[in-house]
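Here is a short report for a first look. Take a moment with the sequence and the structure before reading on.

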Amino acid sequence: MRLRFAPSPTGALHIGGARTALFNWLLARHSRGALVLRIEDTDRERSTTENVEQILDALRWLDLDWDEGPIFQSARAARHREALQALLDAGHAYRSRATAEDVKEFKRRHGADRGFRGEPDSDGAVRLRVPDEGATIVHDAVRGQTRFEHVHLDDPVIARADGSVLYNFAVAIDDLDARITHVVRGEDHLSNTPKQLLVLEAARAVGLGADRPLPVYAHLPLLHGPDGKKLSKRHGAASVQELRDAGYLPEAVRNYLALLGWGAGDDETVLSTPELVERFTLGRVSRNPARFDETKLRWLNGIYMRELPIPELARRLKAFLELTDPTAAKALAETETDRRSAERPPKAAGDRFERAVAISREKIQTLDDFWPLSGFFFIEPADDPPARERWLGEDGRRALSDARAALEDLGELTETTVAGALEAVVARRRVKPREVYQPLRVAIAGGTVSPGIFESVALLGRAETLRRIDRALARA
RNA sequence: GCCGCCAUCGUCUAGGGGACUAGGACGCCGCCCUCUCACGGCGGUAACACGGGUUCGAAUCCCGUUGGCGGUACCA
């Protein structure tokens, strides 16, 4: 199979585009075929190099690679003109000065059952001549046959008056030249397909690619927002960049996107990328439009985060924070400096960030969840007045004092020794565990939610823990 | 308006004439685990849009209605 992904650089890569890219990529890898990347920039007004870069970035982040290209459609203008001239010479296309208004007027006069047919002029835009009779049938790999009656089709404009070609023409010629065997794209292109098929037929009639079979088309169901409307910023993430910045892992995004409009057939939902490659086929692509629902993506992302080895997760977390949170990045950098100052045993210090990651990861679903939960290991905790009032009243402070004493007297602080010491405080005070642990949590973490209290104390270290307890006692 | 696509729990889906008292996953609810939050485990809630056919039998096939979406550019 030879496939292609052909985005138009008129904006960032949206989630729907990413899904199209993914499906093409999966098909190419599954079939051990090739994926061609083509940039459809024939609209020079709206296409920018920034957008091209952004799209390539998004594909790289998703780890979707391509075998050929990027081919810029604009760079193929000479070839397009040549093909256009061939169609013109053979009478499959003609120049016409007819405007959109003229077309409307034509239809008003002739009724809806007659597509626009122009008279050749000496100049003007180029229109493809659509046969009056018959129909073009699109054989779609996911939808079956769709019949487009020629009487309903207007002669489409395939090139501007200045000779520059338009989308439906350029696409057909480029697919032909690139020997694309399968055109897999969004359903919004279904009604373009007969036009492209007509271009292809005309091109073959004049000897262009006559030896090659027409590509198989497959139109993917569209993606909508949670409310069923068009996906937009209003729904949270709408572009791949936004997904990245929201703290999702590319492998989780691939897994989730694959499930939108495709299913393995059994009840599997967690499918690694190799499994997707192994199992993906066009035959199982759905015809129903799907809604992009971030809830399920969050869940999946959590699973992938927990499956990552701790050092790898730590690496990604660090990269993420460097990209999105200067404060956090700076704090982490300073932690590393401390480590090098050798004030503590290198091993323990070196693992500090990784240890924080290890005790946090079952509590977070995205990379973005980490810092709010565990940033207190690296920076001064935020103040949370309601939490203080609830847990650092008279009883809470007494419990906190007891905890302080127990920790101060302890030998080495490990999860086990801390647990022993604090459990003894609970037993001595004859209270529920939380009556000791929550005040302590508020004191060291700032709020009522954090990783396990024993692990947290052990990681924070005695000096810092005692300092924060003292500060909480003084302030409360 | 015209052309076209689509129609199963709130969401993603399984299902392609009898195996369906319609299965799974997310979410939600409850219980268990528990130092918070989670993770994990167990259980529960919840759907074949409607109306006609065809058939011994329809979620599955056909037609219509309704609804959603796409297209209808000298955009892609």
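## The surface near the RNA

This is a predicted model. Around RNA strand B there are 56 residues. Asp43, Arg143, Glu362, Lys363 and Arg441 come nearest. By class, this surface has 19 nonpolar, 17 polar and 20 charged residues.

One contact is to phosphate. An N or O atom in the side chain of Arg160 lies 3.0 Å from a phosphate oxygen of RNA strand B.

Others involve bases. Asn192 places a polar side-chain atom 3.0 Å from a base nitrogen of RNA strand B. The elements that give two or more residues to the surface near RNA strand B are β12 (290–291), α10 (294–307), α19 (434–445) and α20 (453–460).

## Helix α2

Helix α2 covers residues 49–62, 14 residues in total. At 1.5 Å a residue it should span 20 Å, and its end C-alpha atoms are 20 Å apart, so the two values agree. After α2 comes Asp63, with a positive phi near 65°.

Which residues of α2 are buried? They are Asn51, Val52, Ile55, Leu56, Ala58, Leu59, Trp61 and Leu62. Their cover includes the strands β1 (2–5), β2 (34–39) and β3 (68–72). It also includes the helices α1 (15–30), α7 (240–245) and α8 (250–258).

Note on methods. Residues are numbered from 1 along each chain as its sequence is written. Chains are lettered from A and ligands numbered from 1 in the order in which they are written. This is a predicted model: local features need pLDDT of at least 70, side-chain atom pairs count only at pLDDT 80 or more; totals for chains, interfaces and linings use all residues. Side-chain values use heavy atoms; hydrogens and water are left out. A residue is near a molecule or strand if one of its heavy atoms lies within 4 Å of it. A polar contact is a pair of N or O atoms within 3.5 Å; within protein, one must be able to donate a hydrogen and the other to accept it, and residues adjacent in sequence count only if both atoms are side-chain atoms. Helices (H or I, at least four residues) and strands (E, at least two) are DSSP runs, numbered from the N terminus. Ala, Val, Leu, Ile, Met, Phe, Trp, Tyr, Cys and Pro count as nonpolar, Asp, Glu, Lys and Arg as charged, and the others, Gly among them, as polar. The expected span of a helix is 1.5 Å times one less than its number of residues. Buried means under 20% relative accessible area, exposed over 50%, partly exposed in between (1.4 Å probe, protein chains only). Contact means heavy atoms within 4.5 Å.
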